[in-house]
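Please look over the structure shown below. The report that follows covers its rings, its core and some of its helices and strands.

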Amino acid sequence: ILPASVQTLAEAFQAGGYNTAAFIGSFILDRRFGLNRGFEEYQGSFDLHRHAGEDPGAVQIRGDQVERAAEDWLRKPHSSPFFLFVHFYDLHGPFLLPKAWRDRYPQRIYDGEIAYVDSLIARLWSALGASGLSARTLLVITADHGEGLGEHGERNHGIFVYHSTTRIPLIVHFPDGRGSGTHVASVVRLIDIAPTLLAATGLPPLRSAEGTTLLEAIDKGAKLNLAAYSETLYPFHHFHSAPLLSMTTQAYSFIQA
């Protein structure tokens, strides 16, 4: 459970006068873990009694339901700026890809899931545009990890820390065209997202943030000297072998505005 002493990004935006909401696609982000702090609305109900005997990490809500709930929230009147977190879990098994999408990708279910989630993001962005909000919205798209898909003998993720699972997309779009077309070749990290968002909106940094703002790299193409740390304890806990660690300063993440 997230310690009460840890300030969340939602709490920072709420303190700054923002409306806050989150729409969750998986039990792993259930409110019982304290991740709902700072969100006025935190939607995603997971009754584990209905999934007795199943892996809790596989309990999820399909992306179209998550996106529809987020759209419904956006249609409500908001007197303040908002911070909205939308969490799609469709790229994790068991894959719940709709039949129409399965038919389009009969032998490539993972590719189909990527295309499906991409369509959901596009639908949500179109809803923002239809309401006149996209011109005033800072958008961030990212992921938590990749999939092995057979590389290095790993079908899914969690055992190894090769780039196939640690290299992820990071896309930032500013409403005023700031940094448009900029590609940051330096290593950037997920822990850099919160400092960047708060700096971009003029809010104070988190009390205990370990990341750094990426605005200078976006605005001036400044080269960053950051190291990304990855660790997996899965082999240790399940196979009694040593944890696997990875430290890298090679360029593998990007920002595209």
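Which residues form one aromatic cluster? They are Phe 13, Tyr 18, Phe 39, Tyr 42 and Phe 83.

This is a predicted model, in which local features need pLDDT of at least 70, side-chain atom pairs count only at pLDDT 80 or more, and totals for chains, interfaces and linings use all residues. Residues are numbered from 1 along each chain as its sequence is written, and side-chain values use heavy atoms, leaving out hydrogens and water.

**Rings**

Rings of Phe, Tyr and Trp (its six-membered ring) pair if their centres lie within 6.5 Å; planes under 30 degrees apart are stacked, over 60 edge-to-face, and the rest tilted. The count by this rule is twelve aromatic pairs. Phe 160 and Tyr 162 have ring centres 5.7 Å apart and planes at 65°, so this pair is edge-to-face. Phe 160 is partly exposed at 29% relative accessibility. Tyr 162 is also partly exposed, at 39%. Buried means under 20% relative accessible area, exposed over 50%, and partly exposed in between (1.4 Å probe, protein chains only).

The rule asks for NZ of Lys or CZ of Arg within 6 Å of the ring centre and within 35 degrees of the ring normal.

| Charge | Ring | Distance to ring centre |
|---|---|---|
| Arg 104 | Trp 101 | 4.4 Å |
| Arg 178 | Phe 174 | 5.4 Å |

**Core**

A nonpolar core is a set of buried Ala, Val, Leu, Ile, Met, Phe, Trp, Tyr and Cys residues joined through side-chain atoms within 4.5 Å. The largest one has 50 residues; Leu 9, Phe 13, Phe 23, Leu 198 and Leu 224 touch the most other members. Helix H4 gives the most to this core, with six residues. Helices (H or I, at least four residues) and strands (E, at least two) are DSSP runs, numbered from the N terminus. Beyond its neighbours within four places in sequence, Phe 13 contacts (heavy atoms within 4.5 Å) residues including Tyr 18, Phe 83 and Leu 198.

**Helix H4**

H4 covers residues 109-130. Its buried residues include Tyr 110, Tyr 116, Leu 120 and Leu 124. The buried residues of H4 pack against helix H2 (63-75), strand E3 (82-86) and helix H3 (99-104).

**Strands E4 and E5**

E4 (residues 139-142) and E5 pair in the antiparallel sense over four bridges; pairing needs at least two DSSP bridges. Val 140 stands opposite Val 172 in E5. On E5 (residues 170-173), Leu 170 and Val 172 form the covered face, while Ile 171 and His 173 form the uncovered one.

Methods:
Expected span 1.5 Å × (residues − 1).
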